[in-house]
Amino acid sequence: MNLLTAIRKRRAVRDYTQQPVSAAALRELIAAASWAPSAMNDQPCHFTVVTDAALLDEISACSKKWMLKGISAMPRPGHFRDLLSDPEFHIFYHAPVLIVLSALGDRQWSAEDCALAAQNLMLAAVDQDLGTCWIGFAQGWLNTEEGHDMLGLPRSSRVVAPIIVGHPKTVPPDVSRKTPLITWIGNIAPSIDDNSDPSAHRTLSHP
Ligand SMILES: Cc1cc2nc3c(=O)[nH]c(=O)nc-3n(C[C@H](O)[C@H](O)[C@H](O)COP(=O)(O)O)c2cc1C
């Protein structure tokens, strides 16, 4: 698949069939992730693949409980309190697979390295007609000592990207994007470089 097509086609999928994802397919996603750039080619990313439904249920329940404790610090506490208190709400949407990308050690840029690997993984999934969604809701709990122990992660590691994977039952429609905020500095002017409507760009003016 053309890369730009994959970029445009990727959606946060929250509705999955229970069809398992093969180990071969998961290995391909992880191989694509491993080709992401990393600072000083450190490649700090560790991939933990969870397909145990009971463990996923447990992580979902613990994450909800953990987040409810700190709910007042969240951006929309009322909305999140209702969602996280709902016993029907499963933070992984019952996806058959969770791949947790964690940074080994505490080196500078290891979180950025893992985020880049996560994007590669999500784009490679599009190519295989698989759905993915980054589940930030799991990050807080998984970064506690109990969360680390649940996945057998070393205490020094840091969970960066919990990504669910599965065969989509439905794919959501496009989610709107803000017009890119671009500052042009130098002699490359939008009117020369770009045939699209210049008014479509948000620009920052300098004082
Ligand atoms: C860091 C990060 C955390 C996210 N956490 C969640 C989450 O906990 N639950 C969820 O349903 N979606 C989560 N998402 C998915 C976003 O809501 C989604 O990417 C965004 O609404 C844009 O939709 P799109 O991915 O379909 O373009 C997260 C995405 C990112 C990048």
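**Exercise 1.** How far from an oxygen atom of the ligand does a backbone N or O atom of F137 lie?

*Solution.* This is a predicted model, where local features need pLDDT of at least 70, side-chain atom pairs count only at pLDDT 80 or more, and totals for chains, interfaces and linings use all residues. Residues are numbered from 1 along each chain as its sequence is written, and side-chain values use heavy atoms, leaving out hydrogens and water. Now find F137: the distance from its backbone N or O atom to the ligand oxygen is 3.0 Å.

**Exercise 2.** Describe what surrounds the ligand.

*Solution.* Step one: list neighbours, among them R10, Y93, W134, F137 and R177; a neighbour has a heavy atom within 4 Å of the ligand. Step two: sort the shell into seven nonpolar, one polar and four charged residues. Here Ala, Val, Leu, Ile, Met, Phe, Trp, Tyr, Cys and Pro count as nonpolar, Asp, Glu, Lys and Arg as charged, and the others, Gly among them, as polar. Step three: look at side chains. An N or O atom of the Y93 side chain is 2.5 Å from a ligand oxygen, and for the R177 side chain the distance is 2.7 Å.

**Exercise 3.** Which residues does L151 contact, leaving aside its neighbours within four places in sequence?

*Solution.* Search for heavy atoms within 4.5 Å, the cut-off for a contact. With those sequence neighbours left aside, L151 is in contact with T48, V50, L55, I59, V100 and L142. Well done!

Conventions: A polar contact is a pair of N or O atoms within 3.5 Å; within protein, one must be able to donate a hydrogen and the other to accept it, and residues adjacent in sequence count only if both atoms are side-chain atoms.
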